[in-house]
Amino acid sequence: MRGQTPWVVWAVCLAPLAMLGYQAWANDLGANPISYLTNTLGDWAFRILLASLAMTPLRIVFGWSWPIRLRRLLGLFAFTYAALHFGVWIVLDQFFDWPAMAADIAKRPYITVGMAALVLLIPLAATSTKGMIKRLGGRAWNRLHSLVYAIGVLAALHFFWLAKKARTEPYWYALVLAVLLATRLWEWGRRRLARRHAAAPVVSRAASSGSR
Amino acid sequence: MLIKRAPRFKSSEITDQKLYVRRREFIAGAAALALAPLGAEQAEAKTPAGAPLKATRNAVVSSTEPPTDFQSATTYNNFYEFGTDKEDPSRLAASLRPRPWAVQIDGLVAKPQKLDIDQLLTLAPLEERVYSLRCVEAWSMVIPWIGYPLSALLKRAEPTGQAKFVEFTTLVDPEQFPGQRKGILSFGGLDWPYIEGLRLDEAMHPLTLLTVGMYGQVLPNQNGAPLRIVVPWKYGFKSIKSIVRIRLVSEQPKVTWEKQAPQEYGFYSNVNPNVDHPRWSQATERRIGDFRRRKTLPFNGYGDLVASLYTGMDLKKFY
């Protein structure tokens, strides 16, 4: 399984794109193909982003190390889908109507935050190579890449604000995001506590072990 | 993974293109037939959705634009009683039973009454009217509806002098409308029943159509069978579907989407390119089947006929 996992990620992440390609070829994108393309690409961008954010929690909860190696590929796929989602909006939906798009980005909060999420993904994608990690140094790279949490929140807001009030999907995505971020917070708190424990006076440690 | 669902329609149920192209002859023939005394009885016999329905084209108010293809008009629409996805209504339509069906007309009327769908079908001569339909979500269609002016029905009930508004109610029945079922996880959806309303003069306007069919057929379930209204100068959600009650009232009714999000959906909801939805622009729309967006027209292009209803009103305030 070890060596094959990236291929599973490739297959799973390319499948929606292949499906869209097939549907386009078969003229089966529904009554409103542009809206369908935009929504489907956006859905998958968010899903894959959540998948990339699930890798660290998998390690925290189950102690597995292999998920971490899939994180970069998932992140790059999330970026790819987000870029395609944006591309469809520019080319097919708005058809290069730059003034209308500029007005929308400024005036429509859901487009503003969606745009912000995409822009923030660019530096992450650009610094995803081993070489860039070395050049930036692990600490700086980690700090830069913690932007992905903000991106997750922006994506959730984007979905909330564009959907009609009666829809439930945005709540489910936000719930998954909240669980994934909470796992990290919990781990972070646990470590801090452990560190404080480690630094605590010997007496109390002896006492606590004695009481066992 | 994308799950493909089998369409509820068999391809054999879709109007044959050859027939469709010859629809004018067909309608002319139908009109002649409708004059025969047999007409009423025939209307009673053609119960199921999709059965042919005869009507005379009203060319005066009909759009000259080509109608949206039948497939799109019957598989892509909002009808939250079935579900919030646009494919839900056509996918789940079979659970609705449009027969038997009765409509209660009451409130501030001299003659409250309960009318059976067969009586409603024959109350006035059926007309075919090609209207454009503009959804508040900025897409639009052109649909050949069949019906007669709502005013014909309202006049029968004789609204009293106090009646100022008309309130419409859609059927509530979670068995027939899966979107109305309540479960632990179904915190979304709307408050049922779906309620819509019009000012009495809007309801009496000759463009306001009591609708029982489309594309030469009895109204399909997913499009609001067995009867709905169509108000072409307002956003689509004002054209309430599957009506069971029409009540004449003196106060402006509290309507569903206005209750849901008052800052986004007003009581009037006239199509207006100059008043944006708070979250998106209403200046343009995508006609289903077109690639490029087109400009949205004030009152959806029916301004000549309806703008006078709103003389002196600030349409930015009464959106």
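Modeller: A residue is buried if 20 or more other C-beta atoms lie within 10 Å of its own, exposed if 12 or fewer, and partly exposed in between; the C-beta atoms are placed from the backbone. This is a predicted model: local features need pLDDT of at least 70, side-chain atom pairs count only at pLDDT 80 or more, and totals for chains, interfaces and linings use all residues. Residues are numbered from 1 along each chain as its sequence is written, and chains are lettered from A and ligands numbered from 1 in the order in which they are written.

Colleague: Why does A:Ser35 count as buried?

Modeller: A:Ser35 has 21 C-beta neighbours inside 10 Å, so it counts as buried. A:Ser35 is in helix α2 of chain A. A:Val88 is 53 residues away in sequence, but the two C-alpha atoms are 9.1 Å apart.

Colleague: Why are α1(A) and α2(A) called roughly antiparallel?

Modeller: The axes of α1 (residues 5-25) and α2 of chain A cross at roughly 175° and come within 11 Å. Axes are lines fitted to C-alpha atoms, for helices over the stretch in contact, and angles run from 0 to 180 degrees between N-to-C directions. Under 35 degrees is roughly parallel, over 145 roughly antiparallel, 65 to 115 roughly perpendicular, and the rest oblique. The two helices are therefore roughly antiparallel.

Colleague: Which residues make that contact?

Modeller: A:Cys13, A:Pro16 and A:Leu20 come from α1(A), and A:Leu37, A:Thr40, A:Trp44 and A:Ile48 from α2(A). Contact means C-beta atoms, placed from the backbone, within 7 Å. By class there are 6 nonpolar, 1 polar and no charged residues. Ala, Val, Leu, Ile, Met, Phe, Trp, Tyr, Cys and Pro count as nonpolar, Asp, Glu, Lys and Arg as charged, and the others, Gly among them, as polar.

Colleague: What about the span and the cover of α9(A)?

Modeller: Helix α9 (residues 169-199) of chain A reaches 46 Å, close to the 45 Å expected for its 31 residues. α9(A) is hardly covered, with 3 buried residues. These are A:Pro170, A:Leu177 and A:Leu180. They pack against α2 (33-62) and α8 (147-162) of chain A.

Colleague: On to chain B. Which strands form the open sheet?

Modeller: The order is β3-β2-β11-β6-β7, and the pairing is mixed. The edges are β3 (113-116) and β7 (195-199), each pairing on one side only. The twist averages 20° from one strand to the next.

Colleague: What makes two strands a pair?

Modeller: DSSP must find at least two bridges between them. β2 (residues 102-107) and β11 (residues 243-249) of chain B have 4, in the parallel sense. β6 (residues 165-170) of chain B and β11(B) have 6, in the antiparallel sense. B:Leu248 of β11(B) is the bridge partner of B:Gly107 and also of B:Val166.

Colleague: Why does B:Ile240 count as buried?

Modeller: B:Ile240 has 24 C-beta neighbours inside 10 Å, so it passes the test. B:Ile240 is in the loop between β10 (228-230) and β11 of chain B. Beyond four places in sequence, the residues it touches include B:Phe168, B:Tyr194 and B:Arg228. Over chain B, 40% of the 319 residues count as buried.

Colleague: How many residues does each chain give to the contact between A and B?

Modeller: Chain B gives 19 and chain A gives 15. The side of chain B has 9 nonpolar, 7 polar and 3 charged residues.

Technical notes: The expected span of a helix is 1.5 Å times one less than its number of residues. Two residues are in contact if their C-beta atoms, placed from the backbone, lie within 7 Å.
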